[in-house]
Structures are given as C-alpha cells and as structure tokens.
Amino acid sequence: MGASAQTYPTNIPRSIEDLFEQWGYARSQTAVMEQSAKRLVLFAPDQEPWKDPISEEWDLTLHFESKAGEGLEEFEMDEIIETIANSL
C-alpha cells in the first residue's frame, strides 16, 4: 500500500530520497523548508533508516535512540527538553 494507495496525497514525497531532497541540505535549492525553520526530533531505534541516513546526514536532526516498549527510560524529560531548546 503506502505511496501507491489511491488516497496517498500527491504532494507528499514518495520515498526517503524524495523526502531528503525536500528537507534539503544547508544550501539546497530544492528544499521546501527555510533553513532556520528546520528541526527534526527522532525517538527511534539505532538502525536504518533512523540512524543512517536520517540522523547522520539530514540537517538539524536530533536522534534520541530508543527501544520499542521501553518508553525512553534511559532519558530524562528535562534532558530531552534541554537538548531541543539548545538546538534553537
């Protein structure tokens, strides 16, 4: 299903590569977002595609490595908030 579903919006990227092009690089001409507005916070496993390529290559991305069902037990909420605030 996914991107091939009839109800999938036409203006949404159809692949991770297309999404990366829209997210853009620091000086990208194809980016949809302004560089100063970008922030992506991931709470995801330490594996593809979350670690590489997303958290390692995408601009202004924070990755809190987590395991499903453990509720980010290894992070304190204050630590998460402080990390996000310091990225602004």
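Exposed here means over 50% relative accessible area, buried means under 20%, and partly exposed lies in between, using a 1.4 Å probe and protein chains only. Glu48 sits in the loop between strand S1 (40–44) and helix H2 (50–57).

A word on the source. This is a predicted model, where local features need pLDDT of at least 70, side-chain atom pairs count only at pLDDT 80 or more, and totals for chains, interfaces and linings use all residues. Residues are numbered from 1 along each chain as its sequence is written, and side-chain values use heavy atoms, with hydrogens and water left out.

Now the neighbours in charge. Glu48, Asp52, Glu56 and Glu57 form a negative surface patch. A patch takes residues with over 30% relative accessible area and no salt bridge, joining like charges within 9 Å and nonpolar side chains (Val, Leu, Ile, Met, Phe, Trp, Tyr) within 5 Å. A salt bridge is a side-chain nitrogen of Lys or Arg within 4 Å of a carboxyl oxygen of Asp or Glu.

On to the whole protein. There are three helices and two strands, in the order α-β-α-β-α along the sequence. These are DSSP runs, numbered from the N terminus: helices are H or I with at least four residues, strands E with at least two.

How many of the 88 residues count as buried? The share is 19%. The C-alpha atoms fill a box of roughly 40 × 35 × 20 Å along the principal axes.

How values were computed
Areas by Shrake-Rupley, 256 points an atom, 1.4 Å probe, with all protein chains shown as cover. Lys, Arg positive; Asp, Glu negative; His and termini not counted. Charge placed at Lys NZ, Arg CZ, Asp CG, Glu CD.
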